[in-house]
Amino acid sequence: MDTPTIAAIATPAGPGGIGIIKISGARAFSIAIPMFRPKKAKLPSNPLLSDQISTHHLYYGFIVNPETGHSIDEALVVFMKAPNSYTAEDVVEIQVHSGQAILMTILNLVLRSGAELAGPGEFTRRAFMHGRIDLTQAEAIIDLILSRTSRSIEAAASLLSGDFKTRIEELRFNLCDVLSRIEASIDFPDEVEEIEKISVSERLSTEILYPILNLIKRYEDCRAIRDGFKISIIGRPNVGKSSLMNWLIKKERSIVTDIPGTTRDVVEDVAMFRGIPVCLADTAGIHITHDAVEILGIEKTFESIRSSDLILLVINSAVSDFEPEISLLDKTGSIPVILVLNKIDLVANSDNINLPERCSGISSIAISVKNEINMDALVELIAEQVFQKSLVDDREGFIPNVRHARALEKSAGFLRKAISGIDNALPLELIAMDMRDAIGCIDEISGRNISDDILDHIFNSFCIGK
């Protein structure tokens, strides 16, 4: 079955300098040519002849309704012949004024002429399916679009340029090379010299497993740059969590009242600390309750804690019972914590707050959100944590995403089994199975071996027109 020609508006709605309609597929040229009149045509009704088209040449003229001959808008049109286009198909881009009515009128003409409306990410999916880019580069495109800092732009651009793709291909080549030697030894035991198991084990470790573990570590170290740094603000009810959240993001995002339990869900917003995007989460206060809604909110608080890079545990400086705070500290595990001693305006001596032994060694700062005491010092303390997390080796620009990291972890698991099998003299057939599974995990990253469900999930995160 022929692949349908697709079309979509490729620029966002709203005022702008230009609007772009993109057409891709075998019929792209035959659809666009009848509705384009070059400025230099001898007669107003003469279309551009297909044999006159120069690929990647910008033509100036008018978009007209081919049924009525009425002009719709002046336009710049570029024809890109396959395979030298974004999708590796014939592509036409029509640039007109950005009015939504103009764009929709032209898009409807294109669709009536035989194109189908493109789905989310369908142009990029076709680029992937035609082998122009691999899946890591396709994902880099959406990363680039969604980047919020210069460092995340650099990381996405490095992925798009193929740096990560090259690294994955090297790993796959080395895995396949070792596997081929093992399989040759299995299939032709009398003709192939028996493999040196010690050297194979060392090669699997040094050339494949260690580089994979380094890539996983890079994801863990650089995740804050790629995905943002998450901070959860936690504590018992009415200690000033929502007020602190609003102060940090500089807007009234969380509802603030004197009624305990006002926040019953996790409220999130984004702020920037030293150029790193930080997602701040204001959580429900932790306390004993029989209210079903509050119980759900408290469960979400615990979920937020587990997914955080830093915890701000807000404490009322005037209290003497710290049992709820100790219980919360036990939930944080190895996640860094800053103790935020709020409402110091209500205590006589803020330098003499007696914290329990459980809090020793944990960074703390006494503040008053209401009176804005020590707030800048708190920001500096938070910024130090964020900045430390974002200190990475910039010699490698790319940053694997969570999908890549999980696939690498699975591959590393199979490699460990293969190495253990070699060291314990297991049959080569079992070792070969583990290595084939390791290669399969690597192929999930590049897209050589991936399910349609995962592809749908990846490309559905794109906008229509990309």
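1. Leu135, Ala138 and Glu139 of helix 4 meet Leu455, Ile458 and Phe459 of helix 14, a contact being heavy atoms within 4.5 Å. In this predicted model, local features need pLDDT of at least 70, side-chain atom pairs count only at pLDDT 80 or more, and totals for chains, interfaces and linings use all residues. Residues are numbered from 1 along each chain as its sequence is written, and side-chain values use heavy atoms, with hydrogens and water left out. By class, the contact of helix 4 with helix 14 has 5 nonpolar, no polar and 1 charged residues; Ala, Val, Leu, Ile, Met, Phe, Trp, Tyr, Cys and Pro count as nonpolar, Asp, Glu, Lys and Arg as charged, and the others, Gly among them, as polar.

2. Of the 466 residues in the chain, 47% are buried. Buried means under 20% relative accessible area, exposed over 50%, and partly exposed in between (1.4 Å probe, protein chains only). Among contacts in the chain with a separation of 6 or more, 68% involve residues 24 or more positions apart.

3. Helix 3 has as its buried residues Phe123, Thr124, Arg126, Ala127 and Phe128. They pack against strand 1 (6-9), strand 2 (19-24), helix 4, helix 13 (428-446) and helix 14. Just after helix 3, glycine 131 takes a positive phi of about 80°.

4. How many aromatic pairs does a search of the whole structure find? The search finds 6, where rings of Phe, Tyr and Trp (its six-membered ring) pair if their centres lie within 6.5 Å, and planes under 30 degrees apart count as stacked, over 60 as edge-to-face and the rest as tilted. One of these pairs, phenylalanine 29 with phenylalanine 79, is edge-to-face, at 5.3 Å centre to centre and 85° between the planes. Phenylalanine 29 lies in helix 1 (residues 28-32) and phenylalanine 79 in strand 5 (residues 71-80), so this pair ties together parts that are 50 residues apart in sequence. Both phenylalanine 29 and phenylalanine 79 are buried. Another pair, phenylalanine 128 with phenylalanine 459, is tilted, at 6.2 Å centre to centre and 40° between the planes. Phenylalanine 128 in helix 3 (residues 122-129) and phenylalanine 459 in helix 14 are 331 residues apart, and the pair links these distant parts of the chain. Phenylalanine 128 counts as buried because its relative accessibility is 10%; phenylalanine 459 counts as buried at 0%. Phe29, Tyr59 and Phe79 form one aromatic cluster.

5. In helix 10 (residues 323-332) the buried residues are Glu325, Leu328, Leu329 and Thr332. They cover an arc of only 105° around the axis, and therefore lie on the same side of helix 10; the arc is that of the directions from the helix axis to the C-beta atoms. The face turned away from the buried side of helix 10 carries the exposed residues Glu323 and Asp330. Glycine 333 follows helix 10, and its phi is positive, near 60°.

6. Some backbone values deserve attention. Most residues other than glycine have a negative phi, and most peptide bonds are trans. A cis peptide bond joins alanine 82 and proline 83, with omega about 0°; proline 83 lies in the loop between strand 5 and strand 6 (91-96). Lysine 343 has a positive phi, near 65°, and is found in the loop between strand 12 (337-342) and strand 13 (363-366). Glutamate 372 also has a positive phi, near 55°. This glutamate 372 is in the loop between strand 13 and helix 11 (375-389), and counts as exposed at 52% relative accessibility.

7. Lysine 251 lies in the loop between helix 8 (241-249) and strand 9 (267-273). Its relative accessible area is 44%, so lysine 251 is partly exposed. Leaving aside neighbours within four places in sequence, lysine 251 is in contact with Asn246 and Asp269.

Key. Helix = DSSP H or I, 4+ residues; strand = E, 2+ residues; numbered from the N terminus.
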